[in-house]
Amino acid sequence: MEKEERDILTSEKTIQRILKALIAISFILISFASFIIAWNSPATSYELSVYSSLPLAWIFMILAIAIGIITLVYQALNRNYRYFQLSFFILILSNFIIIFLPYFKGYFLYGGSDPLAHLQMTSFVISNGKIQEDNFYPILHILGAILTEVLSIRIETVMKLLPVAFTILFMIFTYFLATAVSPKKEYGVLASAAGATLLFTYFHVTAYPFCISLFLFPFVFYLYFKSRESKPTRTSYTVLLIISLLLMPYTHALPSAALIFCLLTAEVTGAVYTKRAKRKSMLNAVNLNPALISGITWFMWWSSFSIFKTGVKKVNNWLFSEAEKVPRTSELEPVFNMKIEEWINLIIKTYGDQIIYLILSLIALGLIFKAFLRKKEGIGNLFSLSFIFLASIFSHILLFASTSYMTFGRFFGANIGVWATPILTAFFLFEVLKRYKKIGMALVASILIGSFILSAFSVYPSPWTLRPNWQFMYQDASGFYWSGGHVTEQLEKAYIGTLIGHIHYGTWGWDVEKIPPHFGYDNHTMLRESLSRDTIIHFGEERERSAIKDSRLKKSPIGGPAALPDFNEEDLERLKSDESVNTLYTTGGYKILLVRAVGENR
């Protein structure tokens with residue numbers, strides 16, 4: 001018997017040494033990746049893909065994440081959490097490096113149109129000490145202004161840092177929320193591993209108020225569930241919850257509207273659970289205070305911007321009458337001619353991680369509801385979270401259908417219903433671990449690692465997802481600001497290849513000139529003959545030359561608005577010698593051109 005005990009202790013010590021060695025290796029891999037990134041930064045020219053520019057760094061980072069996930073899954077299986085903090089830190093540090101690459105690579109911003117607009121709104125707060133009158137979501141800009149002033153760093157650095165910081169907070173509070181909805185530590189450990197998957201595509205690297213608001217959902221519901229506990233600290237959590245609910249509408253209105261519906265769902269399902277369990281509880285009565293606080297604040301926000309009337313009209317038209325046009329359908333027109341297998345391939349590459357988590361969450365919901373019918377103890381918060389998850393999906397679809405402010409890209413990439421999936425996925429994965437032990441560990445680790453890899457390759461647009469890199473350099477910004485001070489507003493504008501208004505057919509309703517395929521050289525000798533007015537062209541030549549050399553982008557139906565695959569090298573050479581095209585400004589691969597149209601006054 002003593003020999004068996006010694007063997008068990010020896011085996012346990014060996015496993016602990018292996019875990020320590022794996023964690024040490026992961027930190028070494030992160031160090032190697034960081035060195036490669038530093039050695040290749042800043043980027044001196046346009047890169048078609050962030051991935052192909054740093055292949056070894058990506059391999060090292062993915063291996064480090066894989067090790068972190070494996071060690072967490074092992075600890076959840078054996079309920080030994082000695083190295084939990086180190087394993088979780090590996091995931092946080094790796095994701096920080098991955099999504100902060102635009103800073104390390106020396107980009108001015110990642111993306112150009114919306115992120116640049118939010119930078120300018122933040123700059124307005126710094127310069128004037130107040131927000132603009134038409135600023136619908138000032139929290140992002142106020143926070144950006146505070147950090148810029150307090151930390152004394154460049155404003156564009158702060159705008160690159162904010163989505164990264166909120167992503168990390170999302171990971172941390174996903175873990176805390178998992179511990180709040182279930183007393184079992186293993187759920188929280190698996191949820192921390194599941195939370196490493198970057199579920200919201202490029203919203204992790206660009207400062208969009210919509211996703212900044214969405215990333216706060218685990219924090220809000222962590223406070224919500226903790227405020228319902230009968231503990232001395234309940235009052236503190238309640239105060240923090242009220243403060244967060246008062247601020248949420250000013251982060252972004254659409255996620256905040258979904259939050260109201262989720263809070264109502266949480267109260268109803270909490271009361272249903274306690275009634276079913278036939279237990280006396282403070283939750284027997286439906287407490288509408290959180291939903292009322294959030295709803296009243298949201299109503300104040302909505303009415304203060306004088307859009308109450310038009311907003312109600314849009315919702316009413318969608319619910320009770322025929323809409324003139326389904327919002328944003330024009331965005332899908334470029335992909336209508338794709339084959340079914342191409343659609344499936346693109347969806348898996350772009351949203352495969354979301355699909356996996358949504359499927360597993362729905363399975364988990366079924367298991368939780370089954371446990372509810374059996375009156376199983378200790379699943380009350382999980383039961384509520386399951387229906388909060390469904391409410392998030394339903395409200396997300398309703399908001400998209402009833403407003404034209406949400407694009408298809410945001411509908412899929414920033415799906416409000418996805419925020420709770422890491423916790424529900426963790427519940428399902430633990431059930432697999434309990435039933436299948438070692439085989440289950442391999443399966444669970446494979447699912448989590450595979451989901452992370454899919455997400456990692458969808459964060460940055462690249463030829464992998466049929467789009468060019470959204471690299472926006474300092475020279476691009478210089479050209480844009482030069483244009484603002486030197487180009488008259490009376491001139492028509494066209495944007496080609498840069499990420500400042502990265503479309504050329506006016507899809508968003510902007511007043512832009514339509515540049516024909518091949519610059520019109522297949523029908524005319526000069527570009528001016530294809531234009532109706534004198535036109536300023538913001539032209540990312542370096543970007544175009546890179547994009548047209550990539551066979552995937554040349555054939556891409558969704559790359560067209562940004563990469564313009566209907567141009568070729570010959571067209572670019574003819575543009576250089578076109579006498580109707582005058583270069584007003586040039587820096588690096590970015591040019592501002594003036595084209596005098598036929599019949600215009602000189």
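Predicted model: local features only at pLDDT ≥ 70, side-chain atom pairs only at ≥ 80, totals over all residues.
The chain has 602 residues, of which 54% are buried. Its secondary structure comprises 24 helices and six strands. Contacts between residues at least 6 apart in sequence were also sorted by separation. Of these, 76% join residues at least 24 apart.

The mean pLDDT is 82, and 81% of residues reach 70 or more. Residues 318-323 have a pLDDT below 50, and in the model this stretch makes six contacts beyond near neighbours in sequence. Residues 499-511 also have a pLDDT below 50.

Two helix pairs were examined. Packed helices are described by the angle between their axes and the distance between the axes. Helix H3 spans residues 55-78, and helix H9 spans residues 185-194. Their axes come within 9 Å and cross at roughly 165 degrees. H3 is therefore roughly antiparallel to H9, since the angle is over 145 degrees. The crossing of the two helices is left-handed. On the H3 side, the contact is made by Ile-69, Leu-72, Val-73 and Ala-76. H9 contributes Glu-186, Val-189, Leu-190, Ser-192 and Ala-193. By class, the contact of H3 with H9 contains seven nonpolar residues, one polar residue and one charged residue.

The second pair joins helix H16 (residues 340-373) and helix H19 (residues 421-459). Here the axes are 7 Å apart, and the packing angle is about 150 degrees. This angle makes H16 roughly antiparallel to H19. H16 passes H19 in a left-handed crossing. The contact of H16 with H19 has 17 nonpolar, eight polar and three charged residues.

Two residues within helices were then considered. Phe-389 lies in helix H17, which covers residues 380-402. Phe-389 has a relative accessible area of 0% and is therefore buried. Residues up to four places away in sequence aside, Phe-389 touches Leu-358, Ser-361, Leu-362 and Leu-365, as well as Gly-417, Ala-420, Thr-421 and Leu-424. Phe-389 and Thr-265 are 124 residues apart in sequence, yet their C-alpha atoms are 9.6 Å apart in space.

His-118 is placed in helix H6, residues 113-128. With a relative accessible area of 5%, His-118 is buried, because the value is under 20%. Beyond its neighbours within four places in sequence, His-118 is in contact with Tyr-137, Leu-140, His-141, Met-159, Ala-207 and Pro-209. One of these partners, Leu-140, is 22 residues away along the chain. The C-alpha atoms of His-118 and Leu-140 are separated by 8.2 Å.

The loop between helices H1 and H2 was examined next. H1 covers 2-39, H2 covers 50-53, and Pro-42 lies in the loop between them. The peptide bond from Ser-41 to Pro-42 is cis, with omega near -5 degrees. Asn-40 is found in the loop between H1 and H2. At 36% relative accessibility, Asn-40 counts as partly exposed. Neighbours within four places in sequence aside, Asn-40 is in contact with Leu-54 and Lys-105. Asn-40 and Lys-105 are 65 residues apart in sequence, with their C-alpha atoms 7.7 Å apart in space.

Backbone geometry was also examined at two other loop positions. Arg-79 has a positive phi of about 55 degrees although it is not a glycine. Arg-79 sits in the loop between H3 and helix H4 (84-99). With 53% relative accessibility, Arg-79 counts as exposed, because exposed means over 50%. Leu-466, likewise not a glycine, has a positive phi near 65 degrees. The position of Leu-466 is in the loop between H19 and strand E2 (471-472). At 18% relative accessibility, Leu-466 counts as buried.

Definitions and conventions: Residues numbered from 1 in each chain as written. Heavy atoms only, no water. pLDDT = per-residue confidence, 0-100. Contact = heavy atoms within 4.5 Å. Axes fitted to C-alpha atoms, helices over the stretch in contact; angles between N-to-C directions. Helix = DSSP H or I, 4+ residues; strand = E, 2+ residues; numbered from the N terminus. Parallel < 35°, antiparallel > 145°, perpendicular 65-115°, else oblique. Left-handed = near helix turned anticlockwise from the far one by under 90°. Nonpolar A, V, L, I, M, F, W, Y, C, P; charged D, E, K, R; others polar. Buried < 20%, exposed > 50% of the residue type's maximum accessible area, 1.4 Å probe, protein only.
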